[in-house]
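Let's walk through this model together, one region at a time. Have the sequence and the 3D view at hand as you read.

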Amino acid sequence: MKYFSQFILLAFAVAVLMGLQYQYWLGENGRFEHNKLRAEISNQQQLNDNQVAANNLLRTDVSDLKNGLEAVEEHARLDLGLIKPNETFVQVSTAPTTHSRY
């Protein structure tokens, strides 16, 4: 009887330990879920950092457009093809050149 009660106590302790281990590793807020959430947070932080950089670039562009005519002229030249009077337009092709012997 003495050994039986010790065996029951040991079995109960092992069952409790296994239950706690299950909760730690596989439970709703367990270790695997924690690592998964940390990876998602890292990915989202990377996306946020990229968006912050894009927003800062746009803020700089808006500030330049508000404060000076150089930025307006640059946008007109690049986006709309502005050519001032007495300027010559030169377009350089970046396409690869192929030669044939025919």
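Glu 73 and Arg 77 form a salt bridge, with their closest N and O atoms 3.1 Å apart; the term stands for a side-chain nitrogen of Lys or Arg within 4 Å of a carboxyl oxygen of Asp or Glu. The two residues are separated by about one helical turn, because they sit four residues apart in helix α3. Helices here are DSSP runs of H or I with at least four residues, strands are runs of E with at least two, and both are numbered from the N terminus. Glu 73 is partly exposed at a relative accessible area of 28%, and Arg 77 is partly exposed too, at 30%. For these labels, buried means under 20% relative accessible area, exposed means over 50%, and partly exposed is in between, with a 1.4 Å probe and protein chains only.

Before going further, please keep in mind that this is a predicted model, in which local features need pLDDT of at least 70, side-chain atom pairs count only at pLDDT 80 or more, and totals for chains, interfaces and linings use all residues. Residues are numbered from 1 along each chain as its sequence is written, and side-chain values use heavy atoms, with hydrogens and water left out.

Back to the charged residues: the structure holds three salt bridges. Glu 73 also meets the side chain of Lys 84 in a salt bridge, at 3.1 Å from N to O. Lys 84 lies in the segment after α3 while Glu 73 is in helix α3, so this pair ties together parts that are eleven residues apart in sequence. Lys 84 counts as partly exposed, with 36% relative accessibility. Arg 77, for its part, forms a salt bridge with Glu 87, and here the closest N and O atoms are 2.8 Å apart. This pair ties together parts that are ten residues apart in sequence, because Arg 77 lies in helix α3 and Glu 87 in the segment after α3. Glu 87 is partly exposed, with a relative accessible area of 36%. Through shared partners, the salt bridges join Glu 73, Arg 77, Lys 84 and Glu 87 into one network.

The segment after α3 (69–80) is also the place of Asn 86. Phi of Asn 86 is near 65°, a positive value in a residue other than glycine. With 84% relative accessibility, Asn 86 counts as exposed.

Now turn to the aromatic residues. A search of the whole structure finds two aromatic pairs. Tyr 24 and Trp 25 make an edge-to-face pair, 4.9 Å centre to centre with 85° between the planes. Trp 25 and Phe 32 make a tilted pair, at 5.9 Å centre to centre and 45° between the planes. Rings of Phe, Tyr and Trp (its six-membered ring) pair if their centres lie within 6.5 Å; planes under 30 degrees apart count as stacked, over 60 as edge-to-face and the rest as tilted. Tyr 24, Trp 25 and Phe 32 form one aromatic cluster. Tyr 24, found in helix α1, is partly exposed at 42%, Trp 25 is partly exposed at 37%, and Phe 32 is partly exposed at 48%.

Helix α1 gives the most to the nonpolar patch, with four residues.

Where is Gly 30 placed? Gly 30 is in the loop between α1 (2–26) and α2 (31–67). At 3% relative accessibility, Gly 30 counts as buried. Leaving out residues up to four places away in sequence, Gly 30 touches Gln 23, Tyr 24 and Trp 25, where contact means heavy atoms within 4.5 Å.

Finally, step back to the whole chain. The protein chain has three helices and zero strands. Its radius of gyration is 34 Å, well over the 13 Å that the globule rule gives for 102 residues, so the chain is more spread out than a compact globule. That radius is taken over C-alpha atoms, and the rule is 2.2 Å times the number of residues to the power 0.38. The C-alpha atoms fill a box of roughly 110 × 55 × 10 Å along the principal axes. Of the 102 residues, 5% count as buried.
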